[in-house]
Amino acid sequence: MYCTLDDLIEAKDRRTIAQLSCDDSNPNEPDENVVELNIVKACNIIDSYIGGRYKIPLRGTVPGIIKNCAVDIAVYSLYTRRNREISKESAVYLDYQAAMQILTRISEKKMSLVGVEEVGSHVSNGIIKTNKKPQDRYFNQFRMRGYGGIWN
C-alpha cells in the first residue's frame, strides 16, 4: 500500500479519521478495517493510472507524490462514505482533484516518477529472433494468386 493509517492521521487528525471511519455514535479510535479498505481503494485508483507506464504495485520506497495522492484519495473516499455531497470548494475535494490531475499527468507522460523504472524501458540491441522461415508463410505467392496486384 502506498500510505498508512498514520499518514491519514498526519494529514488530518485522529479524531477526524475516527469519525469518518467508525459507525459508533462517539468514536474514539479509527476503524482500521474501514480505513484499510479506503486505502486499498486509493491504491487501486493509482495503479489504474500509472500501470501503463510503471510496474505495479510500486515496490520499495514509494515516491512522495504517490503517497500524497494516496492519502488525498483515501481521505476523500472516507469523506464520501459519510457525506454523499462534498462542497467543491472544500479542501478535501480540492486535494482529491489535485491528486487526480497529478495521476492523469503521470499517465499522459507529462510527469514522471523519479527513481521508478518504466515498463518497457529496457534497451535492446534491436535484433528480433524468431523460429519462422519464409517457407512457413501462410499467404505465399501461390495462395495469393487471383487476388490482384503483383501476385497475378
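**Helix packing and the nonpolar core in a predicted model**

The protein has six helices and zero strands. Helices (H or I, at least four residues) and strands (E, at least two) are DSSP runs, numbered from the N terminus. From the N terminus on, the order of elements is α-α-α-α-α-α. The model is predicted: local features need pLDDT of at least 70, side-chain atom pairs count only at pLDDT 80 or more, and totals for chains, interfaces and linings use all residues. Residues are numbered from 1 along each chain as its sequence is written, and side-chain values use heavy atoms, with hydrogens and water left out.

Burial was examined for the whole chain. The protein has 152 residues, and 32% of them count as buried. Buried means under 20% relative accessible area, exposed means over 50%, and partly exposed lies in between (1.4 Å probe, protein chains only). Contacts were examined as well, where contact means heavy atoms within 4.5 Å. Among contacts with a separation of 6 or more, 67% come from residues 24 or more positions apart.

In soluble globular proteins, nonpolar side chains tend to be buried together. The largest nonpolar core here has 36 residues. Such a core is a set of buried Ala, Val, Leu, Ile, Met, Phe, Trp, Tyr and Cys residues joined through side-chain atoms within 4.5 Å. The residues with the most contacts inside the core are Leu8, Ile46, Ile50, Ile66, Ile73 and Leu103. Two or more core residues come from each of helix 1 (5-11), helix 2 (14-21), helix 3 (32-50), helix 4 and helix 5. Helix 4 gives the most, with 10 residues.

Helix 4 (residues 64-82) also packs against helix 5 (residues 91-107). Their axes come within 9 Å and cross at roughly 135°. Axes are lines fitted to C-alpha atoms, for helices over the stretch in contact, and angles run from 0 to 180 degrees between N-to-C directions. The two helices are therefore oblique to each other. Angles under 35 degrees count as roughly parallel, over 145 as roughly antiparallel, 65 to 115 as roughly perpendicular, and the rest as oblique. Helix 4 passes helix 5 in a left-handed crossing. A crossing is left-handed if the near helix is turned anticlockwise from the far one by less than a right angle, and right-handed if clockwise. On the helix 4 side, the contact involves Ile65, Ile66, Cys69, Asp72, Ile73, Val75, Tyr76 and Tyr79. On the helix 5 side, the partners are Val92, Tyr93, Asp95, Tyr96, Ala99, Met100, Ile102, Leu103 and Ile106. By class, this contact has 15 nonpolar, no polar and two charged residues. Ala, Val, Leu, Ile, Met, Phe, Trp, Tyr, Cys and Pro count as nonpolar, Asp, Glu, Lys and Arg as charged, and the others, Gly among them, as polar.

Helix 3 meets helix 5 too. The axes of helix 3 and helix 5 come within 8 Å and cross at roughly 30°. These helices are therefore roughly parallel to each other. Ile45, Ile46, Tyr49 and Ile50 of helix 3 meet Met100, Leu103, Thr104, Ile106 and Ser107 of helix 5. The class count for this contact is seven nonpolar, two polar and no charged residues.

Isoleucine 73 lies in helix 4. Isoleucine 73 is buried because its relative accessible area is 2%. Leaving out residues up to four places away in sequence, isoleucine 73 touches Ala42, Ile45, Ile46, Tyr96, Ala99, Met100 and Leu103. Isoleucine 73 and isoleucine 45 are 28 residues apart in sequence, yet 8.5 Å apart in space, C-alpha to C-alpha.

Isoleucine 39 sits in helix 3. Its relative accessibility is 3%, so isoleucine 39 counts as buried. Beyond its neighbours within four places in sequence, isoleucine 39 is in contact with Met1, Cys3, Thr4, Leu5, Leu8 and Ala74.

Cysteine 22 lies in the loop between helix 2 and helix 3. With a relative accessible area of 8%, cysteine 22 is buried. A cis peptide bond joins isoleucine 56 and proline 57, with omega about -5°. Proline 57 is in the loop between helix 3 and helix 4. Lysine 109 lies in the loop between helix 5 and helix 6 (141-144). Lysine 109 has a positive phi of about 65°, although it is not a glycine. Lysine 109 is exposed, at 59% relative accessible area.
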